[in-house]
Structures are given as C-alpha cells and as structure tokens.
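Trainee: Could we go through this one together? I would like to begin with a single residue and then move on to the rest.

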Amino acid sequence: MNKKILALAIGSVLSAGAYADINNILITEYVEGTANNKAIELTNYGAEYTFTATDTLQYSSYDNVIQNAAKENVLEGVTIGAGETIVIANGGAEAELLAAVTANSARVILSGTYDEAKYNSMNFNGDDHVALVDGSTTLDVIGTDSDWGANKTFIRRFADGDVTPAQSSSHVFNNWNEQIRDVAGTDTSENNFTDLGLATLAAYAADTGPQVVQMLPEDGGSFKATLARYVGQPVSLPLDINPDEDGDQSMRVARTFSFDYSNFRNNMVLSYKRPNMQPNQENVAGSSAAVAANAQNKDYSLLIESETKAADGDIPYYPDFSADPANNYIRIDDSVTGLEGVISYNSYNDIYTFTVSNTLTSANFTHNTPRQDRYALKKALAEVASGDIEVKVATQNVLNYFNSPFGGAQNNNGDNRGATSFSEYEKQKAKIVAAIQGLDADIVGLMEIENNGFGETSAITELVNEINLAYDEVKLSKESKDNSSSNRYAFIGFDSNGDTIIDADDSIGGDAIASGMLYRPAKVTLDAVKIIPMPSQHDDPVVNDNGVVVKNYTNAVLESGDNYMRDSLAATFIVNQTGKKLTVAVNHFKSKGSTCVEDWDGVEFGDTTKLSFNKDKALLDEFGSNDDLQGNCENFRVAAAVQLGEELNKISGDKVIVGDMNSYAQEDPMLVLTENPTAKELKAARKTFIGKEPQFGENGQVITKTYGYLNAVGMKDAEHGKTSWSYSYEDEIGSLDHVLITPSLKDRLVDAADWHINAAESPLYDYNEDRKGDFADAFYADDVFRSSDHDSAIMVLGYTPGETDSGQPVHLTKAGGFINVPYTIPAEAGALTGDIAEITLSNLDGNVYVDMSKVTSPKVALTADGEQVLGLELIGAKSSLYTATMTLKRDGEIVPNSTVSMTVKVAGADSLEPKVVVPEYDNTGGGSFGMFGIMSLLGFGFLRRRKAK
Amino acid sequence: MFKKTALCIALSALFVGVNTQAATIYEKDNGDSLKLYGEVGVGGHISPNYEYAEFFQDKSYVDDSFATMGIKGNYQAVYYRLELDYERENWKYGSGDMVLSIDKMFIGYHLTDNHAIEFGLTDTALDDYDKYGDFTFDTTVETGEAGDQANTLKYEGNLSNFKAGVSYSYEGESSSGAAYGDVINGYFGLFTDYVDVIAGAETRTGSDGESKYGEQVLFAFGARAYITESIAIGFNAYVEDEDIAQESTPVDITDPLNPIKTYNDYQTLRNKGGLVSARYKLTEKWEFTGSYNFEEYEAWAIQNAQYGKADFSWGDERTWGTVGVNFKPSSSVIFAVEGNFGEAAQDAYAYARVYF
C-alpha cells in the first residue's frame, strides 16, 4: 500500500451548517513513541467548541481519564476553534515532539506527568485503547486493550470519496494509516512527529477485508510465529490454516466460553488444530515429551476476546449463543472458522489475543465432539456377547451435592459447598439424576456427595430416591424396559459408629463431602464393604527464614503441615447368576489446588511473614515446585495410591478402581497404580499417617512397587483411535477421572468410555444462577449437560451365566418367586433340538430346612443344537446352599457327557435399604493352626511372618 | 497382659510346701485322703502408675486382697482338686469389684509315681514354671502365657533330675473371656542341687476372627543357681509373637459390655522381657529379694510412632528394679514389702498372707 497524505484546508470540507458539538471532533493522530512521547491529536470539523467537564479523553481498560498537572480533566475548558487541530501530549514528552507541534503552528495541551497525575497522566503504552468520551458515551476510539500500538504513529484516513471521516465508537483498523513519511522522507512509524498538529488525513483506502491467517513453512510449525506476522492487522481464521498439511487445520475450542480469572473477563481460548491436551495425560509427567507438549500447547493457544467486555452469559460477537443456548452451545474441540478480528500480543500472559470484530452464527462452529445424550451413549457402547450378563460400572462426580441446607440431615463434618438456594438445589438434583439415569450403569461410584449420613434425609438417600422414581414399572414381563423396577438402585452405607445399624449418625471419613456408591440389586449382590482410610499428612507449618509461620493474603496460615484427603469406599459384589466377585473402589484423591508441605521445599521466603494475592503461586512457579505440571500434592497422592493398591491387594478377585484421582493419566500416582515403564522416581510424601499409624516416615519414601492396573478407557480409546478426557482446567483438558481394572478383567472388558457431558461444556449450563447475568434461565435445562464439572466414565463388563471364582457357589437371586439356573450344556454332549433338559436340587445347608417336594423342577426342550447356555426356572427353592445337577435326556435316556453339577446359593436380592455387611474372617493370622504351630514349638518360630512395624 | 493368676502363681512357686498347711479331713490307710486348704491375704499396690495400663483405676492405692479355698484329695491313683478364688478385679478394664471364681477343677491320674495326667480347669503346663528364676512376687516381668484354662488335658512327669509337662486346652480364653483358640504349651526342666534350668513354649491356634487374639507363639526360659545356702540368683526371659487384630466390626451390641464383633487384619506383634533376680535368706524368718527387669512390647513402639497419641513415658521399652523384704513369723504366714525403682508400674507392693 502506498502512502498518500493529503494536506487539505479543513474549511473546504466543512459543511456550511456546522455547529458547536463534540460530535464533530475526531481523533486524527495517535503517537506512542519512546519514553513519554505520547500524544493524541484532535481536530474539530464543526464550529468552535469548548470542552465541558464531562468531555474526557480516556485510555486503557480502566478508562483512565487523562488529567493535567493539577489532576483535573485535561480537556475541560479547552476551546477548540472551528477547523482547529490541537495536540494533547504527555507532560513529560521530549522537546522534539513539542517542537514539531509548534513548527506546525498547533497548540499543545499537556497532561500531567506520572508523578503529577499517576494513572491519569497520558500513559497509554500500546496495549490500551484511547477514546474521546462524552459522559459515559464513547464517541471516538483508536486501539484496543491488547497489544496493538506500541512505538507507533497512526494518522486518520479519509472516508470513501475523500469524505471527512465520522466518529467511530470502536476501533476500526482500516480507519488508520500507520505509514507516515518523516522529515527525511522515509516511512516510519516510531517517534514520527512530522504531521503532529497538522489537520491532515491519509488517503482513503478501501477495506479489502481481513487477511486469512495462514501458516507458512518459514513459521517452522510454530503457530505463534504465524500469529506474529498478523499482529495489529484485521485477519480471519479459516477452516484450513496450514495448506501444506493434509486435511483441515482449523482452530479448536480449548476452553469454552467462561470466566477467565487471569484477565477477569469472560472469554474463551482456541488452539491450533486440536484442543490442548494436558501434557501429563499422554506423556510421563516431567519427561521431555511432556515439556515439549506443554510448549506446544502454549504455542498453539489463542485467546479469543470481544471488543467490549463481555457481560456474564453473553458473547458480544455471538448473540445467538445466549439467545438460544440449547442449540448454540460451544464445546471444547469445536472447530471455529470465519472469525474476523485483530491479533495482538499480551506479553504479560505470553499469549496472542484475537479480538473478534464480526458477528458469528452457529455456522461458524463445528462440533467435533458433539453432545451425546443418554440414548446416544447407549448406542455408542459395545454390547456383551449374546446370552452374557452385562455389568456396567461408572464413575460420576456430583459436584458438591449438598442437601443439608434444604431440609436434609445435618452435616457434622463441614459446611455447605454446593447450591446456595433451594432453586439451585432443585436444578442441581435434576441434572445429577438425569446424568446417573443416563449412565444406566449397574454400579456407580459417586464423588463429592454430602457426608451427612445414611438416614432418611441424607443426601445420598434423597438422591437415590429421586433416581428410582424413574423405575416404576414393576411387571417382570417388562424387565427389559428402561423404566423397569429392576433398574432401581440401592446405596452402600457404612456403620462407622459401630452401632450395627446404618443411619444418620454414620459417615465416611471426616470431610464435608464423601465418596459413595450405588448399585442395582437385580444385577449384583453386596458381599463386603471396606472403608479404605487414606493418608493424612502432619508436618510442621511452613516458616520463613526467621522461623515465623508464613501466612497468605487472607491472613490464613500458608501451609499448616496438616493435610487430608477423603477415604475410599470399596465394595465387593457378587455378580448375580454367577459366582464371580467384583470389587469396586471409588476414590477422590487430594486435589492439585491447595498445597502440601513438599510443595514449599526449597522456596525461600526471606523474612516475609505474609504473602500478597497470588504471590503463593508466583513463589511456587519461581522455585519450580510445579515444573512437572502435576500441580500440588503429587507426593501425597502417591502415598494414597500406594495405600489404595496395598489395601485392595488384601481383597481377592477382580477389582476396579474408579473415581477422581486428581491425577492425569501419566502422573506419578497413576504410574504407581498402573505401571512405571520409564522407571521414573516416584516419591511418596513424608510424615503421612494412615489413621494414626505412620506410613512412610519422616522423609517419605521412593516407591518402586507398582500395582499393574489397566486403564480401561485408555485401552478402549486406543482400540477406537480416539482420545478421551474428563476435565477442563484453564486452557487444557485431560482425564482426572479414571476406570482402572485388574488384568484379570482385561478379557471381560467389552467397552469403556468417557461421557463428555460436562468438561466440554461451558459452566454457564450448570445449576448455578449467579454469574450469568440475565441468562440464568436461558442456559438451564433439566438435562445431563454440565451436571458436574467432571465427565462421567463408564465401563461394560461381560459375564457368562454360571461362571465362578474358584470355590464360589453360583449366586442366584429370587425374582418373582423363582430362580433361573444357568445350564451350560457342554459341546461334547452333542445336544440336539428336542432334547429335554432336567434339573435337580439338593440342599447342602443343614441349618436350613427345605421341603424339596415344593420345588418344581422344569423340563425344558431344546430349541437349538450344540453347546449353549439354557436358563432353567425353578419355583419354590428357599434361600440356602444347593447342589444343582442338570442333565439332558433323549428318548428318556441320559445323554452322555451332558450332566453338569454346580453349587448354587439361592438368596433374595438385596433390598434397597443399605445393609450392614459383616466381613468374613480374612485369614490374616487369627487362626488356622496347623503345621506352623508345631514348627513353632520345635523352634522354627522365626519363620513366622511379622507384619507390624 | 496383667493376669489375675500372677500372684497365686508367684506364691505357689515360693511356697512349694504350702499344701503341708492343709487341714486333713480324712486320710485312709490306703492313702486316700481329702484335705482343705487355702489362704487369706490383704495388701495392694502403693502409688500405682495408671499409664502402665495395669490397673483398673487411677488411684494412689489399689487393693489386691485375695482369698483362696480349696479341697484336694485322692482315691489311690486318682486325684482331684476344687479351688475357689475370691479376688479383686483390679486389672485394666476390670470392674474393681471382688469376684468369686472357680480357679481349678480337675481330676488327675497317676500313671506311675512319676507320671500323671490331669483333665479339667487347671494350670496349663507352662503356667507352673513360666516365672521360674524370679524370686520376687508381683512387680516383675510378666510372661504372657495362657495361665489357667478349662478343658485342659495336661501331662506331667519326671525322670531323675528331669521334669517335663505339656498341656492342651480346647478353645482357651483370656482372663477377660476373649477367645484364644486352642492352647498348647509345655516345658522341660533340669533340677539339681546347684542349678535348675527350665525351657518352655506355648502356641495358640487363634480365634478365627472371634476375638482380637490370633495365632501366638511364645518361648520362655528360666533358671536358678543356688550359690550358697542363703544366696540364690535367678534368670527368666520370654519372647512372644502374638497376632492381634487391627480391625473389628460390631455384629451385635445388644449387651454393651460384651459386644460381639468380628475381627480381621491380624498383625504379628513381638513382646519380650527378661529379668535377673536374687534372694538372700538372712534367717529362717527374714529374707531379701531383688530383681532387675527389662520388657519390650511392640505395641509400645507402634503407639509411640502414632500421630496424635501421647508417647509412653518409658519409650519403646522399659527397665526397672525391685527390692523386697519378706518376714515369715511362721511357715504359714508372710509379710512382705516390695519396692520398685525405674520404669515400674507402682512404687511399692505390700501384703500379708496367711495359709491354711
């Protein structure tokens, strides 16, 4: 573009009818030079005008009114003649600038210096807009509140047809010309005062539209390098940013529209070609690969801003968002194309900002990970083999579900963290209920449910009752329907106070929230319950160099040395119609937010006794406490992982770990629970205790043992070629919530997936009614989306009827008065259609009297040939232990190799009331005298194991 | 660990000839006899230290009065005994009340003059010798053997200078009635004019989750050396591995004093202790005793390492000494005072006993 500056007599363009009005005054030049060389040129295209007290020149996002040395409005009382051009300059501007204005026969009005007027001096520095304002009405603007105009000079352009430009209440890039020829005849922008004070306008330049952002080979794959080439210019974001790479490389939503605490604005973050996966999700925390992934996330990110500060719930450049939130949602991983705006660089946060100038519609968004309702979820999950028993295990965070303020039982463990009004509570409940019903799992681990007991009005009771309302079809013939009563849930209670009843006085651990578990008695039977106590940490508080305890900005102790986490709940079930045990442990490890003592190791406080706001985070960054991006307390979580692994090792059979481990997939605690293939040094926290017992001593401990669990969702993701996540934090996503299985379940695993109903969604869709402006009702729906902040995860396991763990009877529950005995007809029997299957029971429990004459034994004709599983229904069998013998007859003769015998336990299904489960003796040394006792007497006692200490 | 039988065991060990005081109800020419015997004693612990968890209440004096009355007799090779104790339940978790209980109730049979078997409620074999080598009475190291048990079958015999015993107790119980499982113990000893040596062992099969007591193995050793007519020294020690449940789940709390629980997660805890003691007989009526004791319970070390619990004042192990004076105005009467120093459970123990 060629520079063309025209010097015109203002009078020639003034209309005859000009009148004194601030609306005729324009900003015609902007200078942001070195040091205090800052100036704004104003030209009056109307009649003479005297600025009033409400006429101001303002700058920055704080709208600082520029004042004079007396700290008064610099414009007030200044008269600007018809057609006159005046210059408002910083009181500290260099003589060269002032001389240039004088040479151009213009007046200079000086603002106060910084010493005189502080932030009300003329202090814009390139990342501030400057505006002429009448009262609260912005009249004319140059610039935005992001890095756009440092060390630059801009001159106003003519409008089309050499027409005098009009005031513009927002920054329009094309209104301004940066190329100005200096006195030496060279185009320069920095410290160019040549035209300052002259009523000149640059030639009109037609708006050719924004440039399309395109990554070039010389960018070396760096998206920041690409963006740097477009700073300050109007650009658009296309579907394919890198033509040299196969496929489309669009911008993806990395953080959906939400409140950004770094900038205290509502905005969102896009990332080049994919959302930002937290580095430790796919790379071992602290590894060079993780460091590289982190660098790439930073390189690929682009902050999307609006020209004006977005009101709560409203996206200024996407009005359809708040007008119809249910259809115009923005989810993480959405491709966003067609955005137009200006790119600037925010050095403080080291991120490029894209200030949107056009208006978007839903056509600008493509949902790469679309919303998936309950039906879509069900359809997406693979099904078990025909005839097999399906057991689905899920994890669901209920986002601080508290009912104690709304008529629920008193919480003796802490204060409310959830809904703050009954209206919010009802909304929260509706969403959580929808989510759990939508999961349709047989065992559901819950996190963050209020720890207010197991009575009639406890949170978990109220939640389960509400969920069960949907299962009102009691006819056995309709058992397969979604609303069948066989889908009802019971919850697991725990008799914490040892009074042999489960009621309002019991709890799990001592936190205000706890983990809980629901199960379907029609599918599984509760066999054992174990509370696994998690570590607590008790060390000295953090002190400064003088031994004084350091406090944070709220005057609370920075790190007391006492840290806790929630106990885990492990329940062992028997899968009905089998003799297989399945233990599910639900967990909620210590979060990454608050600190543990290890986080402050090496941090130098000097003589500081109290930290200012955010200084704690700055110190942790400065001293590298979180260099491996695991957040705080990873050593404490490692201690928890070891405790969990060890305690579960005491339970035999198949095991599942679910819950919020507050650890991404490749972080230290997960490496402990799964495997540590790179032999990374994993250290458990110091001075931790299980209950009162010391765990790893004064110095903590390097953990070399791993527990071999498999990441079910990760395994299935690998098969399906996709990546899942469960949580969004700042501009990254990853899985804090996991479903881990013992290798013994690997072949039983049919499918596993995260249900992206929460993390991908804006918090605007949650139950909260505040921070949403006028749009709270518009965003809310009684659906599953943003029912919590964590995504749910679900896993499908398959069981063959009649299979058992070694020595276990097949557990048969009575439904409708009968039991269904699975008869697995062996292949070698050569079964033929029409063969008659028969069954006999014999009672094994001498303490139970069973009148066998009242047990009807069916005879069932086969309808297919060969190996098969046949269900034989018996009526009248009382709860007891039996031997069931099944055989085939053909023409009245027993078919060779067809007889199958098995031990079965007949019992009623668990009731929906929580039951006290008395643990069986665990054979840890309470008895079983045998050879060892004899050996001991003979002097071989040293061979005994000793576990304590 | 403190057991009700401690004192009577100590006394029976001291007064080997106590039965000579018994009142004979009849004695036939063929040797059949029936005798009444017993003892009456008053005394107690002075300035006991409650922290040591040996007494039911934190008091400056804990009464330890005790009475026994029994009959014993024989019909040729068959012998029997019934013994009643009236004692104060002054131990940890005891009621503090005087309680009457059957201490012994058994029938025995002399296989030969040197070999006999007994069945019933009686001392287990090791119970007779677990304190061997200790010349003091009540304030020294306690060996954690099973003590008296019902349903006990015991064999004892001697050959020349050797003596041995072994017993089997079906479903033994602790002094508070908690299940031990079956208890087997025994000893083997050499007795000479100059030195006696006893080695013993015990094992319990454990309660199978019925009580906190799991499997247990204990080894005990005792010895005496008679230096002169008036001076003797002794040595006694034991080491015990005892499985104790770390978890319990109430099943029935209808009786709050005796809740029924299931127990799990048994952990093996090691206890050990030992002492050296000495006795000096000044005259027939006056004698002096002394001992130096060492004891270490793994449970102490565990609690000392625990968060939020006070450490034991003596640390992970304790040592203490005793000095005692016995005055026996007749062979049936004794007055005794035993003073303690070091990490002991009381400052002194004093009592008077009359045997009949």
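Mentor: Let us start with L111(B), which lies in the loop between β6 and β7 of chain B; please keep in mind that this is a predicted model.

Trainee: And is L111(B) buried, exposed or partly exposed?

Mentor: L111(B) counts as partly exposed, because its relative accessibility is 45% and that class covers values between 20% and 50%.

Trainee: Which nonpolar patch on the surface includes L111(B)?

Mentor: L111(B) belongs to a patch in chain B whose members also include Y75(B), V78(B), I107(B), F119(B) and Y170(B), and together the residues of the patch have about 940 Å² of accessible area. The elements of chain B that give two or more residues to this patch are β6 (98-110), β7 (115-123) and β9 (162-173).

Trainee: Switching to the two chains, how much area do chain A and chain B bury between them?

Mentor: They bury about 3100 Å², with 55% of that on carbon and sulfur atoms, and the contact involves 32 residues from chain A and 41 residues from chain B.

Trainee: What about salt bridges, how many are there between chain A and chain B?

Mentor: There are two salt bridges between the chains; one of them joins K530(A) to E247(B), with the closest N and O atoms 3.7 Å apart. Eight residue pairs are also in polar contact between chain A and chain B, counting pairs with both residues at pLDDT 80 or more.

Trainee: Which element supplies the largest share of the side of chain A that touches chain B?

Mentor: That is α16(A), with four residues; β38 (693-694) and α16 (931-940) of chain A each supply at least two residues of that side.

Technical notes: Residues numbered from 1 in each chain as written. Chains lettered and ligands numbered in written order. Predicted model: local features only at pLDDT ≥ 70, side-chain atom pairs only at ≥ 80, totals over all residues. Heavy atoms only, no water. Patch = residues over 30% accessible without salt bridge, like charges linked within 9 Å, V, L, I, M, F, W, Y side chains within 5 Å. Areas by Shrake-Rupley, 256 points an atom, 1.4 Å probe, with all protein chains shown as cover. Salt bridge = Lys/Arg side-chain N within 4 Å of Asp/Glu carboxyl O. Buried < 20%, exposed > 50% of the residue type's maximum accessible area, 1.4 Å probe, protein only. Contact = heavy atoms within 4.5 Å. Buried area = accessible area lost by both parts, 1.4 Å probe. Polar contact = N/O pair within 3.5 Å; in protein donor to acceptor, adjacent residues only side chain to side chain.
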